[in-house]
Amino acid sequence: GRCAARGVDSCPRAGSWSCPSQGGMATDDKYDRQIRLWGPHGQKALMDAKICVLGSSPCATETLKNLVLPGIGEFSIIDSERVELADLGNNFFFEESDLGKPRAEAACQRLLEMNPDVQGNHMMKDSAVAIEEGANFFRPFSLVVGCQLSERRSAQLAAICQALDIPVVFVTSLGFVGKVRIFAAEHCVIESKPDSEFGDLRLAEPFPELRRFADAMDFAGMDDVQHCHAPYVVILIRALDTFRREKGDAKSLPSTKAEKDSFRAIINRMQRKPEELNFKEAQDNAYKAWVPYALPEGVQKVLEGIAQTPNGKSDFWVLVRAVSQFVRDCGKLPLAGTLPDMTANTDTFVKLQEIYSSRAGGDCAAITAHIAAIQKELGMERPIPPDYIKRFCQNAQYLEAFRYRSLEEEFRPCSPEDGGLDLACECNDEDSLVQWYIALRSADRFREERGHLPGATCADGATEADVAALTQVAAKVVESYKAEGVTADVRHLEEVVRYGGAELHITSSVLGGVAAQEAVKLLTKQYSPLCNTLLYDGLNGKMQVLEV
């Protein structure tokens with residue numbers, strides 16, 4: 001569709017594009033697949049997002065492409081350059097008819113053609129000028145993406161956004177390599193959604209309602225149809241009862257291999273026919289019965305972080321305090337209240353589901369009561385939405401809180417003993433990409449000193465001078481880590497000079513995809529974001545996450 005200009009509040013004096021949408025937001029079907037990942041509340045967080053992107057090079061447009069498609073609310077592109085012939089060769093978002101146009105305007109128009117639900121703005125302003133304007137410029141945004149910024153400007157932007165509590169994603173793309181760096185003063189996640197979830201079934205210590213339900217099931221009196229539909233949750237509880245009677249200890253759990261084999265043998269004895277799938281499920285999930293209840297390590301760290309957070313009155317930390325009080329009172333986290341799929345007849349499964357749900361509702365009510373007391377203590381009148389409290393309780397065992405190392409700390413590294421990057425260890429690891437990290441940082445310092453990237457002004461392959469100069473810069477970067485016996489790999493430096501400052505769209509498409517994925521995590525506060533830098537080596541098809 002054709003884009004029409006409109007006024008802008010967040011970026012005065014800027015041009016703006018908006019693709020018309022029939023009846024506002026498109027139907028849920030359009031976003032159905034992603035809503036299955038992050039839910040309606042996650043989609044709303046995207047729709048409410050206002051994203052500022054500094055630059056309109058390929059890594060900027062590729063990042064934005066992957067944010068426009070899932071339906072962010074609004075974006076603003078800040079760039080002072082105009083479209084030149086070179087842009088047509090390295091950025092798929094520009095056409096010959098764009099020559100001479102502001103790059104931000106041309107990129108904005110192409111991006112908005114991808115999703116009529118999104119609003120886009122453009123401003124012909126240098127990124128450095130925007131950063132110099134400080135907090136007032138960035139205040140309207142919920143996330144900032146800085147593309148191809150120097151170390152000095154990156155650190156300056158990070159400090160501004162830290163004061164505003166706005167997360168930043170930095171993207172650097174050079175030749176076949178690049179990096180994505182995340183910074184947020186504090187990032188709290190309720191729905192971290194780990195790859196393998198243990199669940200919250202409470203089999204080792206059933207709560208009273210679950211205990212009564214399990215005791216009421218008469219396995220001996222069941223017919224074959226009923227027997228093959230007994231939920232594996234009940235099978236495991238009853239098998240554990242038998243194990244404890246045989247052991248003579250009402251609280252013992254299988255711990256040794258022999259005891260675990262004995263527990264599995266009890267399940268086998270309870271089974272009538274080999275084709276009973278519910279007993280196979282019980283065998284597959286037997287480990288859930290013998291793992292003693294304990295607070296996950298990550299949750300313990302979150303609970304211990306209450307005193308360290310600067311955002312003690314945020315919804316997240318008020319709820320953390322409430323959960324901490326609940327744990328002191330009950331010894332456990334609030335029950336999640338969700339059941340995995342299992343073989344069972346409908347009535348039995350629904351009844352079991354109601355038991356878990358009812359218990360979880362009671363725990364949530366207790367948490368809500370703690371919240372009221374905490375808010376009164378803190379002098380807070382703003383209510384916390386009930387659906388937020390419920391979601392928090394359901395995911396209490398997966399809470400995470402991230403505090404990122406600042407860019408100032410990265411550029412003035414501390415020793416490994418104090419939590420800094422162990423450069424010597426990384427350099428001795430043949431699979432590590434840390435030499436590319438050194439090369440990229442050295443290239444940036446080279447640009448700061450000389451006004452251009454290494455190799456950008458070399459004629460006819462005469463790169464020796466730039467390689468020598470870059471080697472000297474790299475030596476200073478390595479020296480800042482005080483790592484003995486470590487030097488920058490000259491092969492990586494030569495490769496960087498060979499790139500001549502070129503940004504390749506094929507590399508930026510990969511980095512833009514990663515940056516957009518991390519931006520979605522930061523905006524929805526779901527899934528664990530990378531901590532804190534991803535390095536990409538397109539020559540060998542490798543990636544590595546380093547905390548630098």
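How many nonpolar, polar and charged residues does the lining of the second largest pocket have, by class? The lining has 14 nonpolar, eight polar and seven charged residues; here Ala, Val, Leu, Ile, Met, Phe, Trp, Tyr, Cys and Pro count as nonpolar, Asp, Glu, Lys and Arg as charged, and the others, Gly among them, as polar.

## Basis of the report

This is a predicted model, in which local features need pLDDT of at least 70 and side-chain atom pairs count only at pLDDT 80 or more, while totals for chains, interfaces and linings use all residues. Residues are numbered from 1 along each chain as its sequence is written, and side-chain values use heavy atoms, with hydrogens and water left out.

## Overall structure

The chain contains 23 helices and 12 strands. Helices (H or I, at least four residues) and strands (E, at least two) are DSSP runs, numbered from the N terminus. The C-alpha trace spans about 90 × 60 × 50 Å along its principal axes. Of the 548 residues in the chain, 53% are buried, where buried means under 20% relative accessible area, exposed over 50%, and partly exposed in between (1.4 Å probe, protein chains only).

## The two pockets

On a 1 Å grid over the protein atoms alone, a cavity is a set of points where a 1.4 Å probe fits but cannot get out, and a pocket is an open set with protein on both sides within 12 Å along at least five of seven lines; lining residues have an atom within 4 Å of a point. Grid points are joined across faces, edges and corners, and a volume is the space filled by probe spheres set on the points. The largest pocket holds about 1,100 Å³ of space. Its lining consists of 45 residues, and Cys147, Gln148, Leu149, Arg447 and Leu453 lie nearest the centre. Helix H20 (434-450) is among the elements that supply at least two residues of this lining, and H20 gives the largest share, six residues. By class, the lining of the largest pocket has 13 nonpolar, 15 polar and 17 charged residues.

The second largest pocket holds about 820 Å³ of space. Its lining consists of 29 residues, of which Cys188, Tyr388, Leu522, Leu523 and Lys525 lie nearest the centre. Helix H1 (32-47), strand E9 (187-189), helix H15 (315-330), helix H17 (386-394) and helix H23 (505-524) each supply at least two residues of this lining.

## Aromatic contacts

Rings of Phe, Tyr and Trp (its six-membered ring) pair if their centres lie within 6.5 Å; planes under 30 degrees apart count as stacked, over 60 as edge-to-face and the rest as tilted. By this rule there are 11 aromatic pairs. The ring centres of Phe207 and Tyr356 are 5.5 Å apart and their planes stand at 90 degrees, so this pair is edge-to-face. Phe207 belongs to the loop between E9 and helix H8 (208-216) and Tyr356 to helix H16 (residues 346-378), so the pair links distant parts of the chain, 149 residues apart. Phe207 and Tyr356 are both buried.

The rings of Phe316 and Phe392 have centres 5.6 Å apart and planes at 65 degrees, so they too form an edge-to-face pair. Phe316 lies in helix H15 and Phe392 in helix H17, so the pair ties together parts that are 76 residues apart in sequence. Phe316 counts as buried at 5% relative accessibility, and Phe392 counts as buried at 0%. Ring pairs link Phe316, Trp317, Tyr388 and Phe392 into a cluster.

All five residues of strand E11 (residues 533-537) are buried, so E11 is largely enclosed by the rest of the structure. In a regular strand the side chains alternate between the two faces of the sheet. Both faces of E11 are covered, with Thr533, Leu535 and Asp537 buried on one side and Leu534 and Tyr536 buried on the other.

Two strands pair if DSSP finds at least two bridges between them. E8 and E11 pair in the antiparallel sense over five bridges, and Val180 stands opposite Leu534 in E11. E11 and strand E12 (residues 542-546) also pair in the antiparallel sense over five bridges, with Met543 in E12 as the bridge partner of Tyr536. E11 and E12 form a hairpin with four residues between them, and Gly541 in the turn has a positive phi of about 65 degrees.
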